[in-house]
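Let's take a walk through this structure together, one stop at a time. Keep the picture open as you read.

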Amino acid sequence: MKILRKSILILLGIYLYATQSIAQKRVEYDLYVKDTLVNFSGKVKQGIAVNGQIPMPTLHFTEGDTAIVRVHNLMHHETSIHWHGLLLPNEQDGVPYLTTAPIKSHGTHTFEFVLRQNGTYWYHSHTMLQEQIGMYGALVIHKPGEKPKNEEVLLLSDWSDENPHQIERSLHFATDWYMVKKNAVQSYSEAIASGKFKTKLGNEWKRMHAMDVSDVYYEKFLVNGKESEERKSYKPGEKVRLRVINGSASTYFWLTYAGGKITVLASDGMDVAPTEVDRLIVGVSEIYDVEVTVPESGKMAEFLATSEDRIGSASFWLGSGEKLPATPLPRLDYFEGMQMMNDMMTLGGKMNDMGMNMSLQQMDMNAVMYREITEPQTTDQNPAETVTLNYGMLKSPVKTTLPEGPVRTLEFELTGNMNRYVWTLDNKTISESDKILIKKGENIRIILRNNSMMRHPMHLHGHFFRVVNEMGDFSPLKNVLDIMPMETDTIEFNASEEYGDWYFHCHILYHMMAGMGRIFTYENTPPNPQIPDPRYALRKVYADDRRFYLGAEIGVESNGSDGEITLMNTRWMMQTEWRVGYNAQNGYETESHFGRLLGRNQFAFGYVGWDYRYREAGHTEESIFGQTNTKDDRSVFHLGFQYTAPWFIVADLKVDHTGYVRLQLSREDIPITKRARMFGMVNSDLEYAVGARYILTKYWSASSHYDSDMGWGIGATFTY
């Protein structure tokens, strides 16, 4: 009996030791972050490599492991790592100055946390725009005892040869250079050729710029850092799990497969009931685990990821033998999209869904632009049979109902405007809003209404939320919600963490940096040892959406130089403009404005400033208001108000300290053709100007104009 008892105790000890060893398995990685040079498009450009590669290494773990990741910053500037989708202590979350100390130049930061989940996730920098140029990587957590078989990681990304800070600056000045590059300008001549001139005029009447579904032109789209990858080891009929991560900065991808149906198995790391579709769109930062079958024919089938704007794609080939390509997605019909937006946008710039109560991606308003649906290429093609995934189809295999507890409902309207690239919740950026206080154990229900013209992938750090759909108790769990224009969606989560600040933001990089998000903070959060000076740190967080951007348009022509320099941020703007002739008769003038942009759509601008000008004149005139004209000799301070009227006509009314009143009407960037632009101006001083420019590059145009004071001129214009 004693021997039996002793044997049992020994076996129990071995079991406890073994289980403890498994639970406490330490998996360690060292990541070395370094500036580098890369060549994705035939041009050598700057990037950021980790362990000498872009994307960053794929990290593999098993649920229950203790992850220890040492990040060595070999650069001359700060960096950070955020663990997207992971449940971990707040100070390990990796948002610099909010949850975690920034990783200083030539410093090392060690992350250590226990993995409380399994599935597909990713990690990326949360510092400025580093994610755009290489700081993104995949992260796979397997279930205990699971033996990976027939699975591949597909990390999708977008690459621009342009410095991301220049991309960001350009977006705030509403440049249409990216649309020129995409051949998607929607000019007057193109509208006339398409029979859509009335649509174009209606679009501008409502003060909307040309229709676009993606803001940035990218030279390349990549899968695992390459345009194309092949896996020839898979045999005909084998099933392969593809862990698809959208690690792009701002690109949505359509996923299609030449080998047949796509079965969706998980989303954002959480299992869903297997769902068979023909295609799906994966939002920025979203993750889908899907299963595909290698064709029985033995052909090599293409899994194709196409950018939403249809300008490029990346391919992943499965199998061996003759290549079986996926059907390319055709160019978008932008004018149909423009008409749709005209119908649903009010003159005041608000969206109207016309009572359709859209939600959960179930009604894709962009479908009017999809030629593969509206213009089937073959007589036997039936677009109605194409099954496209939407959130209403996702079902959790287990109940996801929240635990008992108090329920609090928050409502947010997703707002913004494309003209100045301002993105907000309830017309407030992060820096303009207070932190949202929540209590542990509380159930938080969030109702999101997208009253903007863009999709927004809203991501919640450190928590999973239920996407409330018709599956009821089995509504799926996610940490990213792609909410389409005019949709209203509901998500809910349990405040299950103990403490800390948790970011909730749009994951389009340039929207997040513009301030589109909020911070949830737990009541009675203790001091964060990572953030020794919380006031200073919060100012650093808020500084992201308070930054000023510099823009300029400088013309040098045969009759003189006209130009304007602008410095602006989300709410404030300073402009200085000039006209300088080459002789005393043409003279010179300069005018400056400093003020605040007003209203949700910022159609209004109130300002103060000064006006200084001089030219030799042989006679005096009166303005249309009956005042003695001072356009040739003026040195005044003034108070003014600008308003952008329909058709983008800017009315500018000002009065100076002498009581002189001046009214000016102008219109810039009238799109005549893909590259030709016109402008015109007239004011109450009886001055007028008209001109045109032809876009050669992003920064240079050939230009010519006539000015009532300075005559004809021809030359070049630099636009920055």
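When one helix passes another, the crossing is called left-handed if the near helix is turned anticlockwise from the far one by less than a right angle, and right-handed if it is turned clockwise. Keep that in mind, and remember too that what you're looking at is a predicted model.

Now find helix H5, residues 197-205, and helix H6, residues 334-344. H5 goes past H6 in a left-handed crossing. Their axes sit 9 Å apart and the angle between them is about 45°. Angles under 35 degrees would be roughly parallel and those from 65 to 115 roughly perpendicular, so H5 counts as oblique to H6. Which residues make the contact? From H5 come Thr199, Lys200, Gly202 and Asn203, while H6 brings Phe335, Met338, Gln339 and Asn342.

Next stop is helix H2, residues 164-172. Is H2 mostly covered or mostly open? Mostly covered: eight of its nine residues are buried.

Let's turn to the aromatic rings. The model has 25 aromatic pairs. In one of them, Phe605 and Tyr607 are stacked, with 5.5 Å from centre to centre and 25° between the planes. Both Phe605 and Tyr607 are buried. Another pair, Tyr706 with Trp712, is tilted instead, at 5.2 Å centre to centre and with 55° between the planes. Here Tyr706 has a relative accessible area of 23%, so it is partly exposed, and Trp712, at 61%, is exposed. Elsewhere, ring pairs tie Trp83, Phe111, Phe113 and Tyr123 together into a cluster.

Where is Glu442 found? Glu442 lies in the loop between strand E23 (436-438) and strand E24 (443-450). Buried means under 20% relative accessible area, so Glu442, at 9%, counts as buried. The C-alpha atoms of Glu442 and Gly405 are separated by 5.8 Å, although these two residues are 37 residues apart along the chain. Leaving out residues up to four places away in sequence, Glu442 touches Pro406 and Arg408, and also Phe493, Asn494 and Ala495.

Note on methods
Residues numbered from 1 in each chain as written. Predicted model: local features only at pLDDT ≥ 70, side-chain atom pairs only at ≥ 80, totals over all residues. Heavy atoms only, no water. Axes fitted to C-alpha atoms, helices over the stretch in contact; angles between N-to-C directions. Helix = DSSP H or I, 4+ residues; strand = E, 2+ residues; numbered from the N terminus. Parallel < 35°, antiparallel > 145°, perpendicular 65-115°, else oblique. Contact = heavy atoms within 4.5 Å. Phe/Tyr/Trp six-rings, centres within 6.5 Å; stacked < 30°, edge-to-face > 60°. Buried < 20%, exposed > 50% of the residue type's maximum accessible area, 1.4 Å probe, protein only.
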